Amino acid sequence: MATVNPFEPGGKTIQILATTTSQVVALTPDTICNQLLVTSHENSGSGKPVYFRMSTTDPALTVTVPSATAQYALIAIQDDIRTYTIPGQCSPTQPLYIAAITESGTAEAYFTAGNGKS
């Protein structure tokens, strides 16, 4: 039987104020991390989710809102907390690059690298 450990933060949390333009931030944890805890809060009343991508190798990462044309994007739903697996690992010497965008208005999204499940 597999054991699922609760999420343990591996460093600081970073905020992205997502807009309709893709923007990227670098999150550098204090320890080696395999998971990313994500939550989103509506800011402007739009009720739109935050779409994001993550990479440990691409500091020029971008994300596009999915439409009839498929896009690479994960979804941070408003007032929800989810844990996502990082592709590879991030660490004090290997930041995690996160690109975020929203369909309209602005939305706050928070990202914390760590290990375990929420």
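**Exercise 1. Determine which side chains meet glutamate 103 and lysine 48 in a salt bridge, and where the two residues sit.**

Solution. The side chains of glutamate 103 and lysine 48 form a salt bridge with an N to O distance of 3.7 Å, the term standing for a side-chain nitrogen of Lys or Arg within 4 Å of a carboxyl oxygen of Asp or Glu. Glutamate 103 lies in the loop between β7 (96-102) and β8 (107-115), while lysine 48 lies in the loop between β3 (33-42) and β4 (50-55), so that the pair links distant parts of the chain, 55 residues apart. Strands here are DSSP runs (E, at least two residues), numbered from the N terminus.

The model is a predicted one, in which local features need pLDDT of at least 70 and side-chain atom pairs count only at pLDDT 80 or more, whereas totals for chains, interfaces and linings use all residues. Residues are numbered from 1 along each chain as its sequence is written, and side-chain values use heavy atoms, with hydrogens and water left out.

**Exercise 2. Decide whether glutamate 103 and lysine 48 are buried, partly exposed or exposed.**

Solution. Buried means under 20% relative accessible area, exposed means over 50%, and partly exposed lies in between (1.4 Å probe, protein chains only). Glutamate 103 has a relative accessible area of 35% and is therefore partly exposed; lysine 48, with 29%, is partly exposed as well.

**Exercise 3. Find the salt-bridge partner of arginine 82, and count the salt bridges.**

Solution. Arginine 82 pairs with aspartate 80, their closest N and O atoms being 2.4 Å apart. Arginine 82 is partly exposed, because its relative accessibility is 43%. The count by this rule comes to 2 salt bridges.

**Exercise 4. Work out how the rings of phenylalanine 52 and tyrosine 84 are arranged.**

Solution. A search of the whole structure finds 2 aromatic pairs. Rings of Phe, Tyr and Trp (its six-membered ring) pair if their centres lie within 6.5 Å, and planes under 30 degrees apart count as stacked, over 60 as edge-to-face and the rest as tilted. For phenylalanine 52 and tyrosine 84 the centres are 5.2 Å apart and the planes stand at 85 degrees, so this pair is edge-to-face. Phenylalanine 52 belongs to strand β4 and tyrosine 84 to strand β6 (residues 81-90), 32 residues apart. Phenylalanine 52 is buried at 0% relative accessible area, and tyrosine 84 is buried at 15%.

**Exercise 5. Describe the pair of phenylalanine 52 and phenylalanine 111.**

Solution. With centres 5.4 Å apart and planes at 70 degrees, this pair is edge-to-face. Phenylalanine 111 lies in strand β8, 59 residues from phenylalanine 52, and is buried at 0%.

Methods: Helix = DSSP H or I, 4+ residues; strand = E, 2+ residues; numbered from the N terminus.
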